[in-house]
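Visitor: I would like to learn how to read a protein model feature by feature. Please take one feature at a time.

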Amino acid sequence: MSAEKIAAEVRAEFGKGAARRLRADKKIPAVLYGHGEEVAHLALPYHVTMMALKNGGANALLELEIDGKDQLALTKAIQVDPIRRVIEHLDFIAVKRGEKVVVDVPVVVTGEAVRNTLVVTDNTTVQIEAEATHIPESIEISIEGAEAGTQLHASDLSLPKGAVLLSEGDLLLVNVTEAQAADTGEEAAEAAEGDAAEAEAAE
């Protein structure tokens, strides 16, 4: 995962009013934690940051330029307005190249199971430890040709080089079961006709 470089401004004003003014100026209030340093209160340009987060996924890694110095920052929390769907606030944790971090990574199910089966996804993320600059956006698991009764667990995942699974190996990710047969409209009509015929014969 490559880090996108973004110029960050240090904030001197705090509170809801200051945050509203920042958003009106198309900037996102943010905080940066980590490595024993004081919490840095920042303002980031909205569009560039939004695109970087969109491209980087849930664990987007940004390179923030703060007062002329570069700092790698791992996204930890994104606060989004539920109505307008715009980013309202961001939390980052400072990281260093080569440093190991613990993150939750989405699991993406690929392929198709055999016909007449039902695929149930029990867990959509797993926790791994990986280098801050090598966090996968997602991890794929295939159900291609899977038959009813197939269960896939966290231990079945193929992790990227250097990544370590922290979730329990028996964590159920995907469960393939037999699809429940349902009467179609045609089958229901045939059953009704059969019942009517039986009733006539009995009269």
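This is a predicted model: local features need pLDDT of at least 70, side-chain atom pairs count only at pLDDT 80 or more; totals for chains, interfaces and linings use all residues.

Visitor: How many helices and strands does the protein chain have?

Guide: The count is 3 helices and 13 strands.

Visitor: What share of the residues is buried?

Guide: Of the 203 residues in the protein chain, 32% are buried. The accessible surface of the chain is about 12500 Å², and carbon and sulfur atoms contribute 48% of that surface.

Visitor: Now salt bridges. What is the general idea?

Guide: Side chains of opposite charge can pair when their charged atoms come close. The cut-off used here is a Lys or Arg side-chain nitrogen within 4 Å of an Asp or Glu carboxyl oxygen. The structure holds 6 such salt bridges.

Visitor: Which residue forms a salt bridge with Lys 27?

Guide: Asp 25 does, and the closest N and O atoms of the pair are 3.5 Å apart. Asp 25 is partly exposed, at a relative accessible area of 47%. Asp 25 and Lys 27 also belong to a network of salt bridges that includes Glu 9.

Visitor: Which residues does Arg 84 pair with?

Guide: One partner is Asp 81, with the closest N and O atoms 3.8 Å apart. Glu 88 also forms a salt bridge with Arg 84, and there the closest N and O atoms are 3.8 Å apart.

Visitor: Are these residues buried or exposed?

Guide: Here the cut-offs matter: buried means under 20% relative accessible area, and exposed means over 50%. Arg 84 has a relative accessible area of 53%, so Arg 84 is exposed. Asp 81 is at 13% and therefore buried. Glu 88 has 15% relative accessibility, so Glu 88 counts as buried.

Visitor: Next, backbone angles. What is phi for Asp 67?

Guide: Asp 67 is not a glycine, yet its phi is positive, at about 50°. To place Asp 67, look at the loop between β4 (61-66) and β5 (69-80). Asp 67 counts as exposed, with 67% relative accessibility.

Visitor: And what is phi for Arg 85, and where does Arg 85 lie?

Guide: Arg 85 is a residue other than glycine with a positive phi, near 60°. Arg 85 lies in the loop between β5 and β6 (87-95). The relative accessible area of Arg 85 is 59%, so Arg 85 is exposed.

Visitor: What does the side chain of Thr 75 reach?

Guide: The side chain of Thr 75 reaches the backbone oxygen of Ala 60, at 2.9 Å.

Visitor: Which residues is Thr 75 in contact with, leaving aside neighbours within four places in sequence?

Guide: Thr 75 is in contact with Leu 53, Ala 58, Asn 59 and Ala 60, and also with Asp 91 and Phe 92.

Conventions: Residues are numbered from 1 along each chain as its sequence is written. Side-chain values use heavy atoms; hydrogens and water are left out. Helices (H or I, at least four residues) and strands (E, at least two) are DSSP runs, numbered from the N terminus. Buried means under 20% relative accessible area, exposed over 50%, partly exposed in between (1.4 Å probe, protein chains only). Accessible areas come from the Shrake-Rupley method with a 1.4 Å probe; for residues, only the protein chains shown count as cover. A polar contact is a pair of N or O atoms within 3.5 Å; within protein, one must be able to donate a hydrogen and the other to accept it, and residues adjacent in sequence count only if both atoms are side-chain atoms. Contact means heavy atoms within 4.5 Å.
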